[in-house]
Amino acid sequence: MQFKRLVVPALFTFGLGGCGYFDGDEKQQLEQAWLAKNAQLQQVIEQIRSQGIEAVANGAEVGSVAACVASKLEMDPLGELVNVEGALVESAKIAELLSELEGLMEQDFSLENISGLLQKGADAAAYAKQIIAAQGLERGLEHLQQMADSSREFASEDLGAHFQQLLSECQ
């Protein structure tokens, strides 16, 4: 009986780990390490995640790091995805991530497809949740299509590399 209590949770944990379910913590740690190199940038990203890009842009002092970062993210078609923790180190190719997001958002969410969502990865689900929370499902799908259309020039880049390059222009 003791063996069964240990094996079942271990298999479940291993299964979720294999699906990428726990990778978010690792990405968050990598992102925090990257942000720790620049305290101003870290503060701005935290403000954006708590207040929103538009609020930071409106309240930032002209010429400041906050104004630069908010401006760059407002103009970037993928800027809104910076709100997901770990996005600054996300290794997924932009085109693949957007395609996966579109597929997730078109599904009817039910108990039957939750395991499928875990199989596809918790990361894409986190980005989809961000878009849906900000705009609702229907407008989110439209926005996702606009993102895909306007990000073709850097579609083969990693999302994290794209954000890091964009934000490094403000340092």
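This briefing describes a disulfide and a pair of packed helices. The structure is a predicted model, in which local features need pLDDT of at least 70 and side-chain atom pairs count only at pLDDT 80 or more, while totals for chains, interfaces and linings use all residues. Residues are numbered from 1 along each chain as its sequence is written, and side-chain values use heavy atoms, with hydrogens and water left out.

**The disulfide**

- The structure holds 1 disulfide, a term used here for a pair of cysteine sulfur atoms within 2.5 Å.
- Cys68 and Cys170 form this disulfide, and their sulfur atoms lie 2.0 Å apart.
- Distant parts of the chain are linked by the pair, since Cys68 is in helix 5 (residues 65–75) and Cys170 is in the segment after helix 10 (159–168), 102 residues apart; helices (H or I, at least four residues) are DSSP runs numbered from the N terminus.
- The torsion about the S-S bond of Cys68 and Cys170 is about -80 degrees, so the disulfide is left-handed.

**Helix 6 and helix 9**

- Helix 6 (residues 94–106) packs against helix 9 (residues 137–150) at an angle of about 165 degrees, with their axes 10 Å apart; axes are lines fitted to C-alpha atoms over the stretch in contact, and angles run from 0 to 180 degrees between N-to-C directions.
- That angle makes helix 6 roughly antiparallel to helix 9, a label for angles over 145 degrees.
- In the contact (heavy atoms within 4.5 Å), residues of helix 6 including Leu98 and Met105 meet residues of helix 9 including Leu141 and Ala148.

Technical notes. Helices (H or I, at least four residues) and strands (E, at least two) are DSSP runs, numbered from the N terminus. Angles under 35 degrees count as roughly parallel, over 145 as roughly antiparallel, 65 to 115 as roughly perpendicular and the rest as oblique.
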